[in-house]
Amino acid sequence: MKTVSSFQVLKNNNEKIAMLTAYDYSTAQVLDKAEIDGILVGDSLAMVALGYENTYNITIDEILIFIKAVARGAKNSFIIGDMPFMSYNLSLDQGLENASKMIKAGANAVKLEGCNEHILQLVKRCVESGIPVLGHLGFTPQLMNTIGGHKIQGKTAGNTDIILKSALKLQEAGCFGIVLELMPAESAEYITKNLLIPTIGIGAGVGCSGQIVVTDDIMGKFTDFVPKFVKKYANIHEDMIKGVEEYKKDVKELFFPSEKESFTLSSEEKLKLEASSKIVNS
Ligand code: KIV
């Protein structure tokens, strides 16, 4: 069973941390069998699994269903539940209650975006209550309207230092790691080197302690939008279209189902059926 300390051990041993997202039971089973270092049930599922334009529409009750499915599929992995937009911003009690719902649903930790006084207090409350927290800085999709689109963060030394200050505060508050999204490799490496806890990069170069990407992106299953930082390891969308076309052709041309995919009556029952069909037709 992996714990938060597994992440720190990997960082301390200079071994990179490999994380991926999962939203459903069968994907979780795959990641679990491949012994991935951590699974994030990301709010990216709003776009990837539910077809929304951004992450704003996913609710705590909806994401809990996905966390439960992933927890059923990934028995040995460390599962992190992503706290949806406005599920932790209203008050400390609201944040703590929703974080605890994620743990009860099967997550081992939660992820929160950003860093302000409220977030820092909430991280402390969660950690004191036994809920490990992964921070998230750089590009934070839940602040898309404030940021004004998918903009690279930390593009100057000054901005990188501001992100580092936030990262240090999150570390101090008790985060066990921090996701660094969409920033120059040098900036992410600088932040990583100045932290004790691991950083998990997404579009942030090789200098982070580990990497996370959306599984559906790297497997070529989700094709609406493919960011520059995505490397494709499979082409599931294309392969599935080919498979569906082949299936359709087989159905139309009576190649499916064949005897192999069918159940048959015993010869005795077949004769009886033939006999009764004669009666019906007489
Ligand atoms: O929602 C998500 O998938 C994320 C990324 C860090 C992968 O937050």
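I looked up the domain separation first: the centres of domain 1 and domain 2, taken over C-alpha atoms, are 49 Å apart. Domain 1 covers 4-234 and domain 2 covers 240-281; the bounds come from an automatic or database domain assignment.

The model is predicted, with local features needing pLDDT of at least 70, side-chain atom pairs pLDDT 80 or more, and totals for chains, interfaces and linings using all residues. Residues are numbered from 1 along each chain as its sequence is written, and side-chain values use heavy atoms, without hydrogens and water.

Next I looked up Glu113. I find Glu113 in the loop between β4 (109-111) and α6 (117-128); helices (H or I, at least four residues) and strands (E, at least two) are DSSP runs, numbered from the N terminus. Glu113 is buried (under 20% relative accessible area, 1.4 Å probe, protein chains only). I noted no salt bridge for Glu113 (a side-chain nitrogen of Lys or Arg within 4 Å of a carboxyl oxygen of Asp or Glu). The nearest side chain of opposite charge is Lys111, 4.2 Å away; Lys and Arg count as positive, Asp and Glu as negative, and His and the chain ends are not counted. The Glu113 side chain does reach the backbone nitrogen of Gln142, at 2.8 Å.

Then I turned to the cores (buried Ala, Val, Leu, Ile, Met, Phe, Trp, Tyr and Cys residues joined through side-chain atoms within 4.5 Å). The largest nonpolar core has 58 residues, and Met102 and Leu180 touch the most other members. Helix α4 (residues 60-73) gives the most to this core, seven residues. Apart from it I noted another core of 14 residues, among them Leu40 and Phe78.

Key
Buried means under 20% relative accessible area, exposed over 50%, partly exposed in between (1.4 Å probe, protein chains only). A polar contact is a pair of N or O atoms within 3.5 Å; within protein, one must be able to donate a hydrogen and the other to accept it, and residues adjacent in sequence count only if both atoms are side-chain atoms.
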